[in-house]
Amino acid sequence: MILSPAERSYLYDSLAKDELIRPDARADYQFRPIEVKTSFLPSSNGSARVRLTDGSEIITSIKSKVVLAAEEKSLIECDIDIPGFRDDSNFVANLKYNMTSLLNKSFPFESLKLTSKYAFKLFIDCVVISYSSFPLTFISIACYLALKSTKLPKLISDVNDEETAEQPLFSDDWENAQYLGDLNDSKSFNPPLIIVIGVVGKNLLFDPSAEEEQVLENGIIISWYNNDISTPIHNLNFSVHSNMPNYKGLSQQMIMKSILMARKHCANIVKALDQAIEEQTDDGVIF
Amino acid sequence: MSRLELYSPEGLRVDGRRWNELRRFDCRINTHPQSADGSSYVEQGNTKVICMVSGPKEPSNKSQQNSSGAVIEFNVSIASFSTTNRKKRSKNEKRTIELNTTLERTFEQSIIRKLYPRTTISVNLHVLAQDGGLLAALTNASTLALIDAGISMYDYISGISAGLHDISPLLDLNTLEESGMSFLTIGVVGNSEKLSLLLLEDKIPLDNLEDLLAIAIAGSHRIRDLMDQEVRRHANLRASKLVK
Amino acid sequence: MDILKITQPEALSQDVESDIEMSDNENEVTGNSLVTPGELVTDDPVWMKGHGTYFLDNKTYSSVAGSVSRVNRLLSVIPLRGRYQPETGDHVVGRITEVGPKRWKVDIGGKQDAVLMLGSVNLPGGVLRRKSESDELQMRNFLKEGDLLNAEVQSIFSNGSASLHTRSLKYGKLRNGIFLKVPSNLIIKSKNHSFDLPGNISIILGVNGYIWLYKTPSSGRKNNINASSNKAQASFDAKGGYNPGQGSVSITRLEEESSWEIYSDKNDPNITGSVRKNIASYYNIIKALSHGELGITEQRIIMGYEASLAYGNSGSLIEKEAMESICEDVLNSEKMRGDAS
């Protein structure tokens with residue numbers, strides 16, 4: 001997307017004002033509304049679709065496989081597919097790297113353990129059907145929703161299989177399947193999220209739109225897990241197809257400010273997502 | 001594993017259908033109004049496909065311009081999770097390229113290309129789940145999305161697969177059936193008996209071909225009617241909404 | 001206001017569902033006649049075949065899904081959706097995509113980019129000045145890739161693409177505001193497509209669905225322009241650039257104002273916060289009308305603005321429920337005024 005110089009300067013001035021004014025009058029912490037649907041892929045353990053008002057759309061599937069825990073580097077494999085982009089393009093590799101490092105650092109892996117030898121491995125596949133702004137936040141939201149709706153078959157063989165050569169046995173009845181979140185009875189299960197924050201002047205804005213991205217001076221990504229700030233945290237140029245022409249260095253102050261802002265609002269994002277899962281109806285409507 | 005009986009002596013198939021029954025066919029038009037000129041979603045049994053059409057538009061690549069008519073590009077992408085066993089597919093897989101070419105050939109005939117000189121029409125298809133009849137579902141989703149985009153076409157193209165079990169033709173195969181018998185996929189022009197697509201990659205005795213085509217054409221006509229109902233439902237909804 | 005508002009896809013309403021199941025009433029349609037591709041429209045050969053139809057064996061068939069239109073003896077089918085189809089005289093908003101030899105390519109949301117010839121724009125120095133080779137060399141100083149402008153469709157080429165012109169003071173480069181897009185079929189053609197709205201805001205409702213919302217130019221427009229144009233010209237001179245019209249005497253007002261100012265990229269330095277907020281509100285109202293698929297007119301935008309004042313914070317207007325309620329309010333106030341069509 002290219003903006004004209006006049007559009008760019010109007011937008012920059014509006015966003016850099018003491019009291020920022022976004023083109024659609026959103027508050028600095030306000031996300032664009034989304035439409036979500038979960039559990040619509042019968043051959044996956046979990047699935048979610050997230051769509052933004054601008055038409056951006058992400059579909060995530062979670063499939064599981066029983067593995068020998070000792071033979072796996074990680075029990076989670078995350079892949080991102082954006083039609084029109086090669087898998088080794090910077091854009092895709094960057095998104096994949098961020099999601100992989102988020103999930104590897106902030107995930108309750110103990111809940112995937114089945115027996116002393118075996119564990120579930122999760123394959124998380126995100127397809128970006130279309131996008132206009134940097135899609136990382138919504139990829140992480142789609143993963144969050146898919147993980148929350150993931151059901152795994154119930155183990156019926158002995159947990160302690162140290163001595164036996166048998167493979168784990170599962171209940172044939174899918175009715176007995178358990179939500180991933182219920183496997184670990186110790187505490188509530190909340191997958192991690194990534195929030196992208198735009199920097200303009202002294203202002204920070206959540207969920208910058210494609211137009212807003214064009215005048216950002218920098219971008220920060222912040223992760224959220226178990227009700228607290230997590231890693232990765234770093235800065236990034238969100239604009240994929242053109243440079244952010246105003247791109248500048250980032251002051252320590254702005255980093256601290258963005259962390260405070262995330263700390264203040266992220267719990268509400270998680271709350272909204274959890275509520276949306278509660279409200280899902282099973283009417284077979286995908287679109 | 002004992003060999004599954006694909007067609008019982010009582011005339012029932014693995015999923016309980018009779019020889020001439022279609023699977024559940026569900027389709028929606030205009031599913032992605034914000035991100036495409038035309039869009040659709042098709043479920044044929046457990047095969048699920050999204051289609052998004054963009055264009056006619058200025059070609060991104062000048063060398064692709066054709067002053068006699070629109071250039072039509074298909075781009076099928078098959079999600080790694082679309083099959084029961086997850087499989088990462090390379091974007092240049094031979095199978096995918098074949099699908100793209102087959103669809104391009106089919107729709108080049110049915111789109112009135114000469115109306116759109118020097119433009120590109122790109123049709124992007126996403127396969128979310130596959131359980132047989134993939135090419136047929138892709139064909140149907142493309143027809144609907146092209147209609148939604150307002151692109152001129154001579155007629156609907158409706159697709160279906162049919163296989164031959166011993167000497168009985170079976171309509172609209174699922175994956176299990178496809179792996180156990182010879183089958184073909186056709187695309188039928190509207191309510192006619194003309195084929196704009198015929199894909200047969202297995203051996204079928206010539207004597208049985210006529211029966212097989214007859215049931216496939218009948219199945220395609222039923223699919224056309226179901227798609228036409230959805231187009232009319234959407235059109236009426238729109239007409240009632242557009243208060244000018 | 002929620003930080004993140006989440007909705008679910010809606011199931012098709014029940015009565016619509018039941019319509020589908022009654023399979024054989026395909027011809028029962030609201031309004032006049034709805035046809036779909038491949039359907040016979042008429043076998044009477046007296047009709048002339050217009051857009052959306054094709055002719056085979058003396059019969060006319062539909063090639064799109066839409067409604068049949070019979071004007072005089074011309075038979076056409078108007079598709080429900082489709083890209084903008086330019087017509088001579090349309091007032092459009094467009095964005096430059098390419099600078100070529102003696103012409104710009106302009107995205108106007110059609111099937112092909114439109115063409116704006118160097119000869120179809122006013123150049124600094126006035127209309128009476130002859131176009132020279134140096135103009136051709138510095139086309140990017142007038143309009144470059146990404147620039148927005150409004151223009152009129154001057155003619156249609158045989159391949160359907162449009163040729164534009166900006167040879168009037170009301171056309172040209174756009175400043176002091178923001179751009180948005182709606183489907184072009186929501187814009188109802190009228191005599192005038194630029195309006196002043198309450199709150200010191202103006203709008204250009206391009207027939208192509210491209211819209212420009214901007215600060216209403218101050219009433220002393222002419223003086224201002226002259227004052228700042230001198231500045232603009234001075235700055236250009238400082239760069240060692242072009243010196244158009246210098247020394248010549250202004251003959252007409254048109255000529256006077258066709259200075260470098262019309263190609264300036266500089267916004268008015270005094271756009272207040274309240275103007276920016278109003279622009280954002282109108283942006284959301286137009287999005288809401290588009291969401292409800294209501295035809296977008298000056299009057300509806302103003303009614304939507306009045307309805308939106310009930311929302312303390314216009315940031316909540318991006319939510320689906322709010323958009324739908326704005327549309328309802330607009331339709332209700334139309335009914336009350338008795339001017340619903």
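In this predicted model, strand β2 (residues 34-35) of chain C and strand β7 (residues 66-71) of chain C are paired in the antiparallel sense over two bridges. Within this pairing, C:Leu34 faces C:Ser67 of β7(C). On pairing in general, the strands of a sheet are held to one another through backbone hydrogen bonds, in either a parallel or an antiparallel arrangement. β7(C) also pairs with strand β8 (residues 74-79) of chain C, again in the antiparallel sense, over six bridges.

Chain C is divided into domain 1 (34-79), domain 2 (82-174) and domain 3 (176-218 + 270-340). The centres of domain 1 of chain C and domain 2 of chain C, taken over C-alpha atoms, are separated by 34 Å.

Further along chain C, a pair of helices deserves a look. Two packed helices are described by the distance between their axes and the angle between them. For helix α7 (residues 298-308) of chain C and helix α8 (residues 320-337) of chain C, the axes come within 9 Å and cross at roughly 120°. The crossing of α7(C) past α8(C) is right-handed. On the α7(C) side the contact is made by C:Arg300, C:Met303, C:Gly304, C:Ala307 and C:Ser308, which meet C:Ile326, C:Asp329, C:Val330 and C:Ser333 in α8(C). Sorted by class, this contact has four nonpolar, three polar and two charged residues.

Turning to the contacts between chains, 35 residues of chain C are in contact with 40 residues of chain A. On the side of chain C that touches chain A, the elements giving two or more residues are β1 (6-7), β15 (177-181) and α6 (273-291) of chain C. Of these, α6(C) gives the most, with seven residues. This side of chain C has 14 nonpolar, 11 polar and 10 charged residues. Strand pairing also links the two chains: strand β1 (residues 34-38) of chain A is joined to β1(C) by two bridges, and the strands run parallel. Here A:Glu35 has C:Thr7 in β1(C) as its bridge partner.

The contact between chain A and chain B takes 19 residues from chain A and 20 residues from chain B. On the side of chain A that touches chain B, β3 (57-68) and β5 (118-130) of chain A are the elements that give two or more residues. The largest share, five residues, comes from β5(A). By class, that side of chain A has nine nonpolar, five polar and five charged residues.

Chain B holds an open sheet of four strands as well, ordered β7-β6-β8-β9 with antiparallel pairing. β7 (168-171) and β9 (195-200) of chain B are at the edges with a single partner strand each, so one side of each is left without a neighbour in the sheet. On average, and with direction ignored, neighbouring strands of this sheet are turned by 25° against each other. Strand β6 (residues 157-165) of chain B is joined to strand β8 (residues 182-189) of chain B by eight bridges, the two running antiparallel, with B:Ile157 opposite B:Val189 in β8(B). Helix α2 (residues 134-148) of chain B packs on the sheet and touches β6, β8 and β9 of chain B, with its direction making about 165° with that of β6(B). Helix α1 (residues 94-110) of chain B lies across β6, β8 and β9 of chain B and runs at about 165° to β9(B).

Annotation can be set beside this geometry. In an unreviewed entry, UniProt places the feature "domain: Exoribonuclease phosphorolytic" at residues 21-151 and 155-218 of chain B. Residues 155-218 of chain B are 27% helix and 42% strand, with end C-alpha atoms 17 Å apart.

Methods
Residues numbered from 1 in each chain as written. Chains lettered and ligands numbered in written order. Predicted model: local features only at pLDDT ≥ 70, side-chain atom pairs only at ≥ 80, totals over all residues. Axes fitted to C-alpha atoms, helices over the stretch in contact; angles between N-to-C directions. Left-handed = near helix turned anticlockwise from the far one by under 90°. Contact = placed C-beta atoms within 7 Å. Nonpolar A, V, L, I, M, F, W, Y, C, P; charged D, E, K, R; others polar. Domains from an automatic or database assignment. Pairing = 2+ DSSP bridges. UniProt positions renumbered as here; feature names shortened; annotations may be inferred.
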